[in-house]
Amino acid sequence: VTACATDQHVKPVAGPFAVGHDIPTLVPTAGGTYTLTIDASTNGWWLEVPVEASWLPVGRKFGSAKVVQQLVIPANGSAALRSTTLKINSSNGETETIEVKQNK
């Protein structure tokens, strides 16, 4: 009987986490299509959208690795400025926020 060397267990190291977007400081009343890029490398991520922001549809709210998605912000038919905060969390503990405001 031969013995093998003791297995060396290596704990995985979380990779970098970055969020990018082209959402303007103030989205026009007519709305528009914008790109949201979440690069979580080896991490999982999830996106929190407040319940009161039903006017801002987000197609994918969780995942891992790098994801590029389109945010289609519809026209603002109300007489009020719309505002919300998107919060993107990484399983490595990092968080990014995006303020979204739409003109009335």
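In which strand is Ser 41 found? Ser 41 belongs to strand β2, and the paragraphs below place that strand in the chain as a whole. The structure is a predicted model, in which local features need pLDDT of at least 70, side-chain atom pairs count only at pLDDT 80 or more, and totals for chains, interfaces and linings use all residues. Residues are numbered from 1 along each chain as its sequence is written, and side-chain values use heavy atoms, with hydrogens and water left out.

Let us start with the overall architecture. The chain holds zero helices and five strands, and its elements follow the order β-β-β-β-β from the N terminus. The chain is more spread out than a compact globule, because its radius of gyration is 19 Å, well over the 13 Å that the globule rule gives for 104 residues. Here helices (H or I, at least four residues) and strands (E, at least two) are DSSP runs, numbered from the N terminus; the radius of gyration is taken over C-alpha atoms, and the globule rule is 2.2 Å times the number of residues to the power 0.38. The C-alpha trace spans about 80 × 20 × 20 Å along its principal axes.

Next come the surface and the contacts. Of the 104 residues, 30% are buried (buried means under 20% relative accessible area, exposed over 50%, and partly exposed in between, with a 1.4 Å probe and protein chains only). The chain exposes about 6600 Å², of which carbon and sulfur atoms supply 56%; these areas come from the Shrake-Rupley method with a 1.4 Å probe, and for residues only the protein chains shown count as cover. Among contacts (heavy atoms within 4.5 Å) between residues at least 6 apart in sequence, 60% join residues at least 24 apart.

Two residues deserve a friendly second look for their backbone angles. Most residues other than glycine have a negative phi. Ser 41, although not a glycine, has a positive phi of about 45°, and Ser 41 is partly exposed, with a relative accessible area of 27%. Ala 65, in strand β3, has a positive phi near 65° and is partly exposed at 31% relative accessible area.

Two threonines complete the picture. Thr 29 sits in the loop between β1 (18–21) and β2 and is partly exposed, at 29% relative accessibility. Leaving aside neighbours within four places in sequence, Thr 29 is in contact with Ala 75, Asn 76, Gln 102, Asn 103 and Lys 104. Its C-alpha atom is separated by 9.6 Å from that of Ile 73, 44 residues apart along the chain. Thr 33 lies in β2 and is also partly exposed, at 47%. With residues up to four places away not counted, Thr 33 touches Gln 70, Leu 71 and Val 72, while the C-alpha atoms of Thr 33 and Pro 74, 41 residues apart along the chain, are separated by 8.6 Å.
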